[in-house]
Amino acid sequence: MNIRIPHDWLLDHLETKATPKQIQEYLSLCGPSVERIETVGNDSVYDIEVTTNRVDMMSVRGIAREAAAILPEFGVKARLKSLRLHEHMSRKLLDIKIKNNPKLCRRILAVKLADVTIGQSPSWLSERLMKVGQRPLLNAIDITNYVMWEIGHPIHVFDYDRLTGKTIIIREAKRGETLTTLDGKKHLLKGGEVVFDDGSGEIIDLPGIMGTENSVVTEKTTNILLWIESIDPRKIRNASMSLAIRSQAAVLNEKGVDTELGMDAIRRAVDLATEVTKASVDSKITDIYPNQPSLPPISLDQRELDVYTGITLPPQRVTRILTNLGCTVTHHASRLNVRRVKTGDYTVIPPSWRSQDLKIAQDVIEEIARIYGYFNLPSRLMEGEIPLTSQ
């Protein structure tokens with residue numbers, strides 16, 4: 001899929017003096033293909049093709065992470081900036097009763113904001129949304145879309161006062177139930193879709209895909225509920241396709257967005273909401289996270305890396321490449337551990353946002369070769385006997 005990333009927005013997350021042309025050339029050689037650069041006002045907007053298995057790159061910060069790993073390999077200084085998120089304090093507990101089904105939803109984050117001023121977004125926010133192809137609506141809604149494009153994790157906003165039962169139940173829809181999405185379209189459910197129920201049986205959200213008309217923010221809204229959920233990606237895909245609702249949130253969620261990004265996303269949304277809507281934080285952030293994913297280490301041998309690439313990369317280069325990609329790397333000077341058991345030359349723990357596609361040594365080797373540059377590898381056949389496989 002293709003995404004649009006404004007250069008000015010990219011520099012909020014990437015510290016570099018690289019020109020747009022350099023970024024286009026070097027990213028295209030070793031990472032996502034920057035197909036064209038469009039001039040919009042005084043800004044350059046990249047049109048970038050991202051492979052469907054790399055949902056971690058489908059955002060401004062995702063592209064910044066890639067650029068921070070690739071540009072230094074071409075002698076261009078680049079560094080991923082830290083997210084600067086504020087600590088908004090409230091001692092109040094969220095007074096929404098949440099009944100989760102962990103088989104359907106892996107994580108829930110929610111926070112109430114009070115005394116919001118709903119209206120048009122400031123020009124800087126609206127203009128950035130339009131550059132990525134997102135139509136501005138109202139400021140509270142625009143903030144959720146802004147965070148989705150920036151951080152890479154979809155986020156939803158409810159009109160808090162329209163949640164009259166102060167209850168949200170995560171369940172599967174029954175065949176024949178209906179809902180009306182925020183765009184005014186009525187949908188007949190086939191059964192099995194994940195929905196939010198207000199406790200009375202009324203559906204108040206089609207989570208991870210699109211909000212519903214009966215809980216959407218309007219110009220009369222004064223209190224909001226910022227909400228993040230991580231629904232089973234297979235459920236998102238099935239519901240989105242069967243109902244023909246292809247929102248950007250659905251496109252991301254069906255690919256398995258990193259649940260660990262949720263806290264950054266909701267805190268970023270709180271920062272923007274307090275600035276743009278003049279909201280006050282009226283609850284603690286609720287975080288329901290029953291089964292946090294584990295990141296098993298990957299063992300990599302230098303010899304295996306040499307055989308696959310046809311060259312010998314020094315450990316410092318290997319470690320730098322993987323570290324710049326967000327991995328935690330340990331290089332073992334000795335290949336015998338304290339129990340005299342042979343281990344790999346490197347132990348690699350991938351970052352949470354790469355847990356889906358960095359699982360075995362060959363995945364790690366592919367990443368090293370990609371960032372080093374396939375074009376730098378020798379153009380000759382690999383040596384050695386062809387391995388025999390049993391039938």
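**View 1. Arg 128 is a buried residue, with a relative accessible area of 10%.** Here, "buried" means under 20% relative accessible area, "exposed" means over 50%, and "partly exposed" is in between (1.4 Å probe, protein chains only). Arg 128 and Asp 8 join their side chains in a salt bridge (2.8 Å, N to O). Arg 128 sits in helix α4 (residues 123–132) and Asp 8 in helix α1 (residues 7–10), so this pair ties together parts 120 residues apart in sequence. Asp 8 is partly exposed, at 40% relative accessible area. A salt bridge, by the way, is a side-chain nitrogen of Lys or Arg within 4 Å of a carboxyl oxygen of Asp or Glu. Helices (H or I, at least four residues) and strands (E, at least two) are DSSP runs, numbered from the N terminus.

A quick note before moving on: this is a predicted model, where local features need pLDDT of at least 70 and side-chain atom pairs count only at pLDDT 80 or more, while totals for chains, interfaces and linings use all residues. Residues are numbered from 1 along each chain as its sequence is written, and side-chain values use heavy atoms, with hydrogens and water left out.

**View 2. Glu 38 and Arg 4 form a salt bridge.** Their closest N and O atoms are 2.9 Å apart. The pair links distant parts of the chain: Glu 38 belongs to strand β3 (residues 33–40) and Arg 4 to strand β1 (residues 2–6), 34 residues apart. Glu 38 is partly exposed at 36% relative accessible area, and Arg 4 is partly exposed too, at 24%.

**View 3. Asp 357 meets Arg 54 in a salt bridge (4.0 Å, N to O).** Asp 357 is in the loop between β20 (346–349) and α11 (361–372), and Arg 54 is in the loop between β4 (43–49) and α3 (60–70), 303 residues apart. Both residues are buried. They also belong to a network of salt bridges that includes Asp 56, Glu 66 and Arg 370. Across the structure there are 27 salt bridges.

**View 4. The lining of the largest pocket has 32 residues.** Closest to the pocket's centre are Leu 137, Ile 141, Asn 145, Leu 182 and Met 210. Helix α5 gives the most to this lining, with 5 residues. Others that supply at least two residues each include β8 (156–159) and α7 (248–253). On a 1 Å grid over the protein atoms alone, a pocket is an open set of points where a 1.4 Å probe fits, with protein on both sides within 12 Å along at least five of seven lines; lining residues have an atom within 4 Å of a point.
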